[in-house]
Amino acid sequence: MRRLLTVLACGSLHLAVTGCNLTACSTGDCDAAAVATAGAAVTPAVVPTGVVGVGPATTSTVQDPADVKYYRSDEPLRMGIEHFNRGNFGIAERYFRDAVEKAPKDPTAWIGLAASYDRVARYDLADRAYVYAIRLVGETTEILNNQGYSYMLRGDLAKARVKFLKALQLEPNNPTIANNLKLLNASYGFIQRSPG
């Protein structure tokens, strides 16, 4: 029974303190292992509050990574989307830039950054952001549609049409692409000038 309690105590100590020496616990010297790792840092987000008699305040709980719903690095992406939807494109660009610095393999952040650059007329930077997004996920309908809209904002209607039609081939019933093509067709009635 004493051996079982020692193993259980070591197991809970191993989960509670990062870096527990399992060889010390297996020989029955769990107290030495606890002293050796008492200075280990524990993330404050996983320290249980209001628990009495469990041990020192640095005791943490085990959390399944699939249960995690929020990551601090997601904050810039969330704020970028929020500001973009409000029409604050310059502020959105700052947040999306921060998001791609924190998570450079996040295609949503790259697409948001490119769209923000489009809205502040930084088309050279938008093109680069679209290239990074395409490297990550390929030429998706969303990226092709956004590139078409980008070319339409620049006044390059021929390139815009090519991108919209390519996106429409991937998703023939997409209403956003259909609306953008209508907008493109209506813009041919306006005076056309060279984009330079």
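Helices (H or I, at least four residues) and strands (E, at least two) are runs assigned by DSSP and numbered from the N terminus. The model is predicted: local features need pLDDT of at least 70, side-chain atom pairs count only at pLDDT 80 or more, and totals for chains, interfaces and linings use all residues. Residue numbers start from 1 along each chain as its sequence is written, and side-chain values use heavy atoms, with hydrogens and water left out.

**Whole chain**

Colour the chain by secondary structure. There are 10 helices and zero strands, so defined by the DSSP runs above. Read from the N terminus, the order is α-α-α-α-α-α-α-α-α-α. Of the 196 residues, 31% count as buried; buried means under 20% relative accessible area, exposed over 50%, and partly exposed in between, with a 1.4 Å probe and protein chains only. Contact here means heavy atoms within 4.5 Å. Among contacts with a separation of 6 or more, 37% are between residues 24 or more positions apart.

**Stop 1: the loop between H9 and H10**

Select Asn-174, in the loop that joins helix H9 (157-170) to helix H10 (175-187). Is Asn-174 buried or exposed? Its relative accessibility is 16%, so Asn-174 counts as buried.

**Stop 2: Arg-161**

Move to Arg-161 in helix H9. Arg-161 is partly exposed, at 24% relative accessible area. Which residues does Arg-161 contact, leaving aside its neighbours within four places in sequence? They are Leu-181, Leu-184, Asn-185 and Tyr-188. For Leu-184, 23 residues from Arg-161 along the chain, the C-alpha to C-alpha separation is 7.4 Å.

**Stop 3: His-83 and the Phe pair**

Select helix H4 (residues 75-86) and pick out His-83 in it. His-83 is buried, with 11% relative accessible area. Apart from neighbours within four places in sequence, its contacts are Asn-88, Ile-91, Ala-92 and Tyr-95.

Then show the aromatic rings. Rings of Phe, Tyr and Trp (its six-membered ring) pair if their centres lie within 6.5 Å; planes under 30 degrees apart are stacked, over 60 edge-to-face, and the rest tilted. A search of the whole structure finds two such pairs. One joins Phe-84 and Phe-89: the ring centres are 5.0 Å apart and the planes stand at 65 degrees, so this pair is edge-to-face. Phe-84 is partly exposed at 22% relative accessibility, whereas Phe-89 is buried at 19%.

**Stop 4: the stacked pair**

Select Trp-110 and Tyr-132. This aromatic pair is stacked, with 4.5 Å from centre to centre and 20 degrees between the planes. Trp-110 belongs to helix H6 and Tyr-132 to helix H7, so the pair ties together parts 22 residues apart in sequence. Trp-110 is buried at 12% relative accessibility, and Tyr-132 is partly exposed at 38%.

**Stop 5: H6 against H7**

Show helix H6 (residues 107-119) with helix H7 (residues 123-137). Their axes come within 8 Å and cross at roughly 160 degrees. Axes are lines fitted to C-alpha atoms, for helices over the stretch in contact, and angles run from 0 to 180 degrees between N-to-C directions. The crossing angle makes H6 roughly antiparallel to H7; under 35 degrees would count as roughly parallel, over 145 as roughly antiparallel, 65 to 115 as roughly perpendicular, and the rest as oblique.

Residues of H6 in this contact include Trp-110, Ile-111 and Leu-113, and those of H7 include Tyr-132, Ala-133 and Leu-136. The contact residues divide into 16 nonpolar, no polar and one charged. Here Ala, Val, Leu, Ile, Met, Phe, Trp, Tyr, Cys and Pro are nonpolar, Asp, Glu, Lys and Arg charged, and the others, Gly among them, polar.

Next select Ala-121, in the loop between H6 and H7. Ala-121 has a positive phi of about 60 degrees although it is not a glycine. Its relative accessible area is 47%, which makes Ala-121 partly exposed.

**Stop 6: H7 against H8**

Finish with H7 and helix H8 (residues 141-154), whose axes come within 11 Å and cross at roughly 170 degrees. That makes H7 roughly antiparallel to H8. Tyr-123, Asp-127 and Tyr-130 are among the H7 residues in the contact, and Ile-143, Asn-146 and Arg-154 among those of H8. The residues of this contact divide into seven nonpolar, three polar and two charged.
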